[in-house]
Amino acid sequence: MHKKIKHIIAVSLVLSAVCGVLPAGNFTLGIGSTKAYASSDDDDDDDDLYDEAYLEGIYLSDGDIDFSKTDMNYTINVGKDVKKLTVKAVPEDEDDYIVDINGDYVEDDDDFEKTVSLDEGKNTITIYVESDDDHNTYELTVYRGEKTDAASSSQGTTKNTSSTAVSTTGTTGVIINKSQNFVVQSDVNKFNAWKRVDGKWKYIDGTGEYLKNQWWFDKNTGINYYINEEGFRTTGWLNKDNNWYYFNENGEMQIGWISINKNWYYLNKSGVMKQGWLEGSDGNWYYLDNSTGEMKTGWFESSDGKWYYLDSTGKMIKGSTINGYTLDDNGVLVN
């Protein structure tokens with residue numbers, strides 16, 4: 001219930017009690033003559049008392065949404081692997097507004113959250129909010145594994161506003177520049193953003209929770225991270241599902257050739273450390289230790305008993321003679 005209405009009701013109860021013991025007409029409360037009345041002719045007062053039903057914000061565990069309380073329709077794209085989406089719909093008045101998500105009532109004890117299962121393709125999520133005087137329905141169209149021509153978050157139907165063109169939104173910290181969204185963390189925007197804690201980085205999802213024990217692909221930078229059990233970016237080597245990955249001092253997953261402590265390693269496009277023979281983009285062959293992944297140099301005996309020679313850059317030499325030893329066209333030492 002609107003605070004002004006609560007105040008008027010309280011004043012009315014006091015006045016009713018006083019009127020019961022005092023003569024009709026004006027009465028005195030010790031500070032002068034007072035009358036209590038409400039006029040239907042005062043449009044400004046009516047506007048002040050009308051309690052419009054709006055959300056303060058919509059937060060998602062995945063995907064981006066550029067929220068404005070008067071915009072009722074949004075389009076969101078999420079990856080094909082996102083099978084569930086947690087939606088948090090915070091009303092402007094958390095005490096008196098009614099909120100339900102896809103027909104299920106949510107409240108403060110639930111953090112105004114509901115987890116929705118997503119089908120592949122198009123999904124529709126409705127958020128209904130009701131005050132004493134008004135009600136609105138927000139609609140989220142979520143595409144799982146599909147990309148729409150619209151931006152990942154778009155304005156559709158707009159209520160009580162003269163324009164849908166938006167350049168900046170101070171409440172979300174998102175700057176829209178045609179098809180690009182740049183998420184900037186601020187005191188207001190604390191969701192779907194990186195936050196520095198004790199000198200290290202954590203990621204807060206759309207529900208306000210820190211991510212833990214999971215991969216995270218930052219769509220704004222195109223960089224993969226792995227968030228550890230404490231919620232921080234992993235740095236250095238990580239063994240995950242029997243594969244080795246390497247993250248630099250900023251927690252960014254590395255790919256391609258990397259040098260660590262004067263040893264060379266190769267990480268494929270998925271970040272997995274390569275072991276065994278590797279044909280480089282230059283057409284040359286390299287050998288990476290089957291145990292450590294370190295690039296070999298010098299003479300090397302393979303598991304089948306054949307000898308090869310790898311120069312100081314790791315390149316296998318073939319069709320040549322090294323210190324009197326002959327290597328054939330496949331790089332194998334000739335007996």
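Helices (H or I, at least four residues) and strands (E, at least two) are DSSP runs, numbered from the N terminus. With that convention stated, I turn to the model above.

This is a predicted model, in which local features need pLDDT of at least 70 and side-chain atom pairs count only at pLDDT 80 or more, while totals for chains, interfaces and linings use all residues. Residues are numbered from 1 along each chain as its sequence is written, and side-chain values use heavy atoms, leaving out hydrogens and water.

I begin with two loop residues. Asp241 sits in the loop between β18 (236–240) and β19 (243–247). Its phi is positive, near 55°, although Asp241 is not a glycine. Asn102, in the loop between β6 and β7 (104–106), also has a positive phi, of about 50°. In general, most residues other than glycine have a negative phi.

Are these two residues buried or exposed? Buried means under 20% relative accessible area, exposed over 50%, and partly exposed in between (1.4 Å probe, protein chains only). Asp241 is exposed because its relative accessible area is 62%, whereas Asn102, at 31%, counts as partly exposed.

Next comes Val332, in the segment after β27 (325–327). Val332 counts as buried because its relative accessibility is 14%. Contact here means heavy atoms within 4.5 Å. Leaving aside neighbours within four places in sequence, Val332 is in contact with Lys306, Trp307, Tyr308, Thr326 and Leu327. Between Val332 and Gly319, 13 residues apart in sequence, the C-alpha to C-alpha distance is 8.8 Å.
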